[in-house]
Amino acid sequence: MALARVTHEVLRPESLVGAVSGSGNGAVVLFLGVVRDQADGRPVTGMRYEAYEPMALGELQAVCQEAEDRFDVSSVAAAHRLGELELQEASLVIAVSAPHRPAAYEASRWVLEEIKRRLPVWKHEHYADGKSAWVPGTPLEPA
């Protein structure tokens, strides 16, 4: 069963690795998305993530479950952080386990791209000059 979390708490990658690990797996892929210090050439000092939490959690769960169904993997877990984040704090953690590494890498990348495309989470960047701005999201595609 896929694991999904949307939380205001600090993300702990080791908890997701533990959730997907198992003796039949030869690969565990871990992806961390972190707040970087620049965006489009502008110095960034932090980021705020907002979401309609029930919808975001449901969609994140769906993405993780679809990855388990679509790829030859054992388990998928993902967590997205909300609220104010400082530079280098993790906003997204994805962990995928599989018997072999190609499927784990492929599923992890697919989960990341689907999250960027489907998850109702919005980013608000804070800049070094004291200004801030919402980051344009990925345009929705017709289903």
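Visitor: Which residues does H80 touch, leaving aside those up to four places away in sequence?

Guide: Contact means heavy atoms within 4.5 Å. By that rule H80 touches R5, V6, T7, L11, Y49, L60, S91, L92, I115, L119 and V121. Please note that this is a predicted model, in which local features need pLDDT of at least 70 and side-chain atom pairs count only at pLDDT 80 or more, while totals for chains, interfaces and linings use all residues. Residues are numbered from 1 along each chain as its sequence is written, and side-chain values use heavy atoms, with hydrogens and water left out.

Visitor: Is H80 buried or exposed?

Guide: Buried means under 20% relative accessible area, exposed over 50%, and partly exposed in between (1.4 Å probe, protein chains only). H80 counts as buried because its relative accessibility is 6%.

Visitor: In which strand is H80 found?

Guide: Strands (E, at least two residues) and helices (H or I, at least four) are DSSP runs, numbered from the N terminus. H80 is found in strand β5, which covers residues 75-81.

Visitor: Which way do the residues of β5 point?

Guide: In a regular strand the side chains alternate between the two faces of the sheet. Here S75, A77, A79 and R81 point one way from β5, V76, A78 and H80 point the other way, and all are buried. Seven of the seven residues of β5 are buried, so this strand is largely enclosed by the rest of the structure.

Visitor: How do β1 and β7 pair with β5?

Guide: Strands of a sheet pair through backbone hydrogen bonds, either parallel or antiparallel. Two strands count as paired if DSSP finds at least two bridges between them. β1 and β5 pair in the parallel sense over five bridges; R5 stands opposite A79, and L3 has A77 as its bridge partner. β5 and β7 (residues 90-98) pair in the antiparallel sense over six bridges, with L92 as the bridge partner of H80 in β7.

Visitor: What is the order of the strands in the sheet?

Guide: The open sheet has four strands in the order β1-β5-β7-β2, with mixed pairing. Its edge strands, β1 (3-7) and β2 (27-34), each pair on one side only.

Visitor: Which helix lies across β1 and β5?

Guide: Axes are lines fitted to C-alpha atoms, for helices over the stretch in contact, and angles run from 0 to 180 degrees between N-to-C directions. Helix α2 (residues 53-70) lies across β1 and β5, running at about 155° to β1.
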